[in-house]
Amino acid sequence: MKHLAIVFCALVPGISLAASQSHEAAPMMAPAQKPLTDSDLQNERSAPQRLESEEAILDRFRAAFDGNMPRVAVFWNRAFDDQVSDWRSSTRGVVSARGSLKGNVPDGNVDLQGQSQVAAQGEYRSDRTTGPASPAFELQSGLVSQLTEAGVTVVDRNAIMRITDNVLETGDFSRLSPDQRRLEMRALGEHADMLLVFRRIADDRFEIEVLDVHNGSIRAMLSSNGVPPEKDKARQWKATDHGFQKMEHSVTLDEIGGELALQTLASVAR
């Protein structure tokens with residue numbers, strides 16, 4: 001028994017020594033990456049961008065405005081820039097004159113001096129051209145319908161400009177043709193709370209900016225492909241020569257317009 005005990009004690013240090021020895025870390029190999037193809041990039045561009053549900057967005061938007069829903073004017077592919085007037089000026093002429101007059105009067109001397117300056121600025125008004133092409137009617141319809149469902153009052157730019165001009169008319173129709181830029185801004189201030197600037201920059205890319213027309217603050221900016229989240233009902237089975245196959249449902253312009261409106265509402269209500 002004593003011999004066995006001695007052998008056991010002799011083996012233990014060897015085990016402990018082996019366990020305490022350090023080993024070099026094995027090199028970590030990154031998993032192989034599949035190179036991106038044009039098809040992958042196209043799928044990424046066409047992937048849905050919205051994660052929040054439609055009901056959650058509408059509830060959050062209505063709560064944010066607490067029953068005081070905004071009036072929104074829409075510029076379809078129309079720029080809202082810093083040009084404040086239709087009239088443009090490229091030259092400015094200044095004419096200066098200075099003179100003096102001295103003379104005597106019975107009560108003493110008089111010394112009259114004076115100077116004047118006259119400025120003349122030539123302006124021209126460019127011919128009115130046809131505005132930019134509006135997006136397809138179905139796209140506009142989808143966006144306006146979704147905004148209206150959320151409680152927004154969507155106003156037409158041309159309509160509010162003509163309404164504003166008619167209010168300024170006295171009835172004798174003797175006024176000169178109004179400055180369209182200033183009339184546009186007055187109409188926005190009187191008949192809208194926000195301006196939605198819509199730009200279609202590619203077949204699958206849209207930009208939207210929402211501005212407060214009273215203080216100029218930016219309420220929302222977004223760039224989107226307008227593709228709604230995938231739903232089960234977006235696919236259907238179709239009989240083919242190879243049996244039943246699941247067919248993808250192509251997104252309509254009306255659906256794209258509605259999706260862009262939802263994403264805009266979500267951004268405004270943040």
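Q: Hi! Which residue lies over the face of F75?
A: That's R157, at 5.8 Å from the ring centre; a charge sits over a ring if NZ of Lys or CZ of Arg is within 6 Å of the ring centre and within 35 degrees of the ring normal. This is a predicted model, with local features needing pLDDT of at least 70, side-chain atom pairs counting only at pLDDT 80 or more, and totals for chains, interfaces and linings using all residues. Residues are numbered from 1 along each chain as its sequence is written, and side-chain values use heavy atoms, leaving out hydrogens and water.

Q: Thanks! How many aromatic pairs are there?
A: Four, where rings of Phe, Tyr and Trp (its six-membered ring) pair if their centres lie within 6.5 Å, and planes under 30 degrees apart count as stacked, over 60 as edge-to-face and the rest as tilted. One of them is F61 with F65, tilted, at 4.8 Å centre to centre and 50° between the planes.

Q: And are F61 and F65 buried or exposed?
A: Both are buried, meaning under 20% relative accessible area, with exposed over 50% and partly exposed in between (1.4 Å probe, protein chains only).

Q: What about F198 and F206, how are the rings arranged?
A: Their planes are at 40° and the centres 5.8 Å apart, so the pair is tilted. F198 and F206 are both buried.

Q: Which residues do ring pairs link into a cluster?
A: W76, F198 and F206.

Q: New topic: which residues of α3 and α4 make the contact?
A: From α3, E54, L58, F61 and R62; from α4, Q146, E149 and A150. Contact means heavy atoms within 4.5 Å.

Definitions and conventions: Helices (H or I, at least four residues) and strands (E, at least two) are DSSP runs, numbered from the N terminus.
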